[in-house]
Structure formats: structure tokens, C-alpha cells
Amino acid sequence: METQPGYEELAEQYELIFPDPFQTPLERHAVAAFADMVLDSPGEGQVLDIGCGTGHVTAELASCGLRVVGIDPSHAMLNVARRSHPDVLFCQGDADLSGSPELTRQQVPLQGVLARFSLIHIDPHLLGGVLDSWAKPMPAGGVVLLAFQSTDRDGQLVAPFDHAVAPAWRWHPDEMSKRLAQAGFHEVWRTMSHPDSLHRFPECHLAAVRRP
């Protein structure tokens with residue numbers, strides 16, 4: 001999830017288009033369920049909102065009582081996030097935590113990771129390394145929630161699509177679950193929503209926990 005020039009240039013416009021943390025009740029309930037899972041999980045630690053953008057969902061997690069840090073590669077997006085939510089911590093960084101050892105050390109133990117529509121910008125060949133970098137600092141019981149545009153045909157495991165800002169890929173939920181399992185996570189639930197007037201593709205929320 002390298003810095004994307006499109007997000008740098010469109011940060012202020014993005015804030016105007018998406019002033020609220022969620023577009024649908026399903027999104028809100030999925031993130032609330034994730035927060036509840038983290039609060040109920042054993043131990044304590046940090047939660048990372050990977051690809052936090054303008055920070056509205058990060059702030060929502062903080063209001064739930066989580067120790068959350070918003071992570072994004074875009075300086076412009078983070079400037080908006082810090083302006084809008086001055087009491088929430090935001091850091092410049094990438095989805096692959098192995099590339100930010102200092103940041104990772106600051107967040108250990110890692111109790112949860114939220115990645116809403118951010119892993120879609122990860123090259124499929126690099127996704128395994130990203131998930132491994134989350135698993136390494138996360139003890140058993142840690143929680144992950146992914147949200148992503150999905151494929152809806154059997155046999156179509158991953159498919160590129162014409163995202164308005166940056167290269168992006170859709171994932172079949174079963175394939176994403178398989179990639180999580182390879183990194184040491186066990187799927188516990190998923191939701192699926194159909195395309196509508198605001199969404200071109202099916203969308204999936206997939207929650208998983210770190211195995212012992």
C-alpha cells in the first residue's frame with residue numbers, strides 16, 4: 001500500500017465526499033462487532049486502523065474504548081485526520097508492518113487490525129507478506145476485520161478493477177479467508193452485500209482471530 005498520488009491530491013475532496021465514517025448500517029454494525037470482539041479478547045494491546053484515510057473510523061474505534069492508532073501512507077489524508085480528530089493518534093505507515101519496525105515495536109502487543117477497503121490496493125503477490133506482518137506481533141485471540149470489494153463467481157479468486165484513484169483488486173471471500181489461514185488466522189464470520197446504486201460490486205466484511 002505505497003503512497004498513492006491520487007489520494008494525496010484528493011484528500012480534501014475525499015473528506016467532502018465521505019464526511020461520515022460509514023455509508024451503510026452494515027458497515028457500522030460490522031465495525032461495532034469488531035470493536036466488541038477486541039474488547040472481549042484476552043489481554044490488552046493496540047489496535048491498528050490500516051489505511052485509515054481521513055480517520056473517521058479510527059475515531060469511532062477510539063470512542064468505543066480501544067487503544068487505536070490510524071495508519072496511512074498518505075500525508076495529505078493524515079493531515080485531514082489530525083485536523084478532524086486531534087485527540088486520536090495517527091501515524092504515517094504502510095500495510096506491511098515489517099517495513100516499519102519502529103512503528104511495530106511501539107504497538108506491541110497488537111490486539112487487533114482493521115483494514116477497510118485498503119488491502120484492495122495491495123498487489124496479490126504481496127498480500128501474504130502483509131498478513132504475516134500482522135500475525136507476528138499479535139498474540140492468540142487477536143482480531144482482524146477486513147472489508148473489500150469481492151468477486152462473486154466461483155473460480156474467480158482475484159480480479160483487478162478500475163478503481164478511481166489507484167490500482168485495485170477484488171477478492172473472492174473464500175480466497176481471502178484462505179490467505180488469512182495461511183498467515184495464522186481463523187475466520188469467525190463474514191457478511192456479504194450486493195451491488196446497489198452506491199456500490200458497483202459485492203462487498204465483504206470478514207472477521208478472523210489469531211490462532212494459538
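A word on the source before I start: the model is predicted. Please keep that in mind throughout.

I will begin with the whole chain. The protein has 212 residues, and 54% of them count as buried. Its accessible surface is about 10000 Å². Carbon and sulfur atoms hold 53% of that surface. As for secondary structure, the protein contains 7 helices and 9 strands. Now the contacts. If we take those with a separation of 6 or more, 66% come from residues 24 or more positions apart.

In what order do the strands of the open sheet lie? The order is 3-2-1-4-5-9-8, which gives 7 strands with mixed pairing. Strand 3, residues 89-92, and strand 8, residues 185-193, are at the edges. Each has a single partner strand, so one side of each has no neighbour in the sheet. From one strand to the next, the twist averages 20°.

Let me go through two of the pairs. Strand 1, residues 46-50, runs parallel to strand 4, residues 110-116, and the two are joined over 5 bridges. To find this pair on the screen, look for Ile 50, whose bridge partner in strand 4 is Ala 115. The other pair is strand 2 with strand 3, also parallel, with 4 bridges. Here you can look for Val 69, which has Leu 89 in strand 3 as its bridge partner.

Now for the helices. Helix 2, residues 25-40, lies across strands 1, 4, 5, 8 and 9. Its direction is at about 165° to strand 5, which covers residues 143-149. Helix 4 belongs to another part of the picture: strand 2, helix 4 and strand 3 form a β-α-β unit, and that unit is right-handed.

That brings me to the serine. Where is Ser 74? Ser 74 sits in the loop that leads from strand 2, residues 68-72, to helix 4, residues 75-84. Is Ser 74 buried or exposed? Its relative accessible area is 2%, and residues under 20% are called buried, so Ser 74 is buried. What does its side chain reach? The side chain of Ser 74 comes to 3.1 Å from the backbone nitrogen of Met 77.

How values were computed:
Residues are numbered from 1 along each chain as its sequence is written. This is a predicted model: local features need pLDDT of at least 70, side-chain atom pairs count only at pLDDT 80 or more; totals for chains, interfaces and linings use all residues. Side-chain values use heavy atoms; hydrogens and water are left out. Buried means under 20% relative accessible area, exposed over 50%, partly exposed in between (1.4 Å probe, protein chains only). Contact means heavy atoms within 4.5 Å. Accessible areas come from the Shrake-Rupley method with a 1.4 Å probe; for residues, only the protein chains shown count as cover. A polar contact is a pair of N or O atoms within 3.5 Å; within protein, one must be able to donate a hydrogen and the other to accept it, and residues adjacent in sequence count only if both atoms are side-chain atoms. Two strands pair if DSSP finds at least two bridges between them. Axes are lines fitted to C-alpha atoms, for helices over the stretch in contact, and angles run from 0 to 180 degrees between N-to-C directions. A crossover is right-handed if, with the strands pointing away from the viewer, the path from the first strand over the helix to the second runs clockwise.
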